[in-house]
Amino acid sequence: MVKEEKEENRGSVEFQVFSFTNKIWRLASHLELHKKDFSSERGLRRLLGKRRRLLAYLAKKNRVCYKKLIGQLNIREQ
């Protein structure tokens, strides 16, 4: 996403999914090094659930935007 776009639309579903995806990637790389960090694993599962619910909402409300977003973030099979 473009920086100006992110600053303007911080409450939008697209930005929230983008933000959760960045946090998920960071936590996943952390858990590759620290396999027994169960607190971070729980946090990762919570973020995955939040992102999944937001994507389900977006898929119902605006299918075109949903397809575009998952294509940009490369998070689901198409």
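Tutor: Gladly! This is a predicted model, and its surface carries a positive patch formed by K23, R26, R42, R46, K50, R52, R53 and R76.

Student: What makes this patch positive?

Tutor: Lys and Arg count as positive, and the patch is formed by K23, R26, R42, R46, K50, R52, R53 and R76, so the label follows from the definition of charge.

Student: Which elements give two or more residues to the positive patch?

Tutor: Those are α2 (13-33) and α3 (38-61). Of the elements, α3 gives the most, with 5 residues.

Student: Let's take R53, which lies in helix α3. Why is R53 called exposed?

Tutor: Its relative accessible area is 51%.

Student: How many helices and strands does the chain have?

Tutor: There are 4 helices and 0 strands, and along the sequence the pattern reads α-α-α-α.

Student: What share of the chain is buried?

Tutor: Buried means under 20% relative accessible area, and 28% of the 78 residues are buried. As for the surface, the chain exposes about 6,000 Å², with carbon and sulfur atoms supplying 50% of that area.

Student: And what share of contacts joins residues at least 24 apart?

Tutor: Among contacts between residues at least 6 apart in sequence, that share is 45%.

How values were computed:
Residues numbered from 1 in each chain as written. Predicted model: local features only at pLDDT ≥ 70, side-chain atom pairs only at ≥ 80, totals over all residues. Heavy atoms only, no water. Patch = residues over 30% accessible without salt bridge, like charges linked within 9 Å, V, L, I, M, F, W, Y side chains within 5 Å. Areas by Shrake-Rupley, 256 points an atom, 1.4 Å probe, with all protein chains shown as cover. Salt bridge = Lys/Arg side-chain N within 4 Å of Asp/Glu carboxyl O. Charge placed at Lys NZ, Arg CZ, Asp CG, Glu CD. Buried < 20%, exposed > 50% of the residue type's maximum accessible area, 1.4 Å probe, protein only. Contact = heavy atoms within 4.5 Å.
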